Amino acid sequence: MLTGKQKRYLRSMAHHLDPVFQVGKGGVNEHLVRHIEEAIEKRELMKISVLNNNIEDPKEIGSVLAEQSGSELVQVIGKTIILYKESRDNKTIELPR
C-alpha cells in the first residue's frame with residue numbers, strides 16, 4: 001500500500017508522462033493486462049487513457065487493471081489512470097518514506 005505522501009510524489013512524476021495504453025470499447029481483456037504487466041516492469045509508473053467510446057467508469061477500469069496486473073492504483077483523474085509497480089530489475093523510482 002502506498003501512503004498519501006508517496007501517491008503525491010508519484011502523481012507529480014506522472015504529470016509529464018504521456019499515456020502508454022488506451023482502453024477502448026473492447027474494455028479490459030487479458031491481452032491488454034499482459035502488455036501492461038510487461039510495460040510496467042520496465043517503466044514502474046505509467047499512464048493509461050480511457051477513450052470516449054468506452055462506457056465503463058474509469059475508476060472501475062483502474063481498479064480492475066491494478067488488481068489484474070498486480071500494480072498499485074495511484075490516481076484516476078477524468079479518463080486518465082495512473083498505475084505504479086516497483087520493478088524487480090529496473091528500479092529507478094525512489095519513494096519517500
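Predicted model: local features only at pLDDT ≥ 70, side-chain atom pairs only at ≥ 80, totals over all residues.

A: A nonpolar core is taken here as a set of buried Ala, Val, Leu, Ile, Met, Phe, Trp, Tyr and Cys residues joined through side-chain atoms within 4.5 Å.

The length of α3 may be considered at the outset. Gly70 follows α3 and has a positive phi, near 75°.

The buried residues of α3 are Pro58, Ile61, Gly62, Leu65, Ala66 and Ser69. Because they cover an arc of only 130° around the axis, they lie on the same side of α3. An α-helix has 3.6 residues a turn, so residues three or four places apart point the same way. The exposed residues Lys59 and Glu67 are carried on the face of α3 that is turned away from its buried side.

The packing partners of these buried residues are β1 (19–23), α2 (30–43), β2 (45–50), β3 (72–77) and β4 (80–84). Of these, α2 has 14 residues and reaches 20 Å from its first C-alpha to its last, close to the 20 Å expected at 1.5 Å a residue. Buried in α2 are Leu32, Val33, Ile36, Ala39, Ile40 and Glu41, and the elements that cover them include β1, β2, α3 and β4. Just after α2, Glu44 adopts a positive phi of about 75°.

The strand β4 is mostly covered, with 4 of its 5 residues buried. It pairs with β2 in the antiparallel sense over 5 bridges, and Ser49 stands opposite Thr80 of β4. β3 and β4 also run antiparallel, joined by 5 bridges, and here Leu73 stands opposite Leu83 of β4. The hairpin of β3 and β4 has 2 residues between the strands, and in it Gly78 takes a positive phi near 65°.

The largest nonpolar core has 16 residues, of which Phe21, Ile36, Met46, Ile48, Leu65, Ile81 and Leu83 touch the most other members. Two or more residues of this core come from each of β1, α2, β2, α3 and β4, and α2 gives the largest share, 5 residues. Another core, of 9 residues, lies apart from it and includes Leu2, Leu10, Ala14 and Ile93.

Technical notes. Residues numbered from 1 in each chain as written. Heavy atoms only, no water. Buried < 20%, exposed > 50% of the residue type's maximum accessible area, 1.4 Å probe, protein only. Arc of directions from axis to C-beta. Contact = heavy atoms within 4.5 Å. Expected span 1.5 Å × (residues − 1). Pairing = 2+ DSSP bridges.
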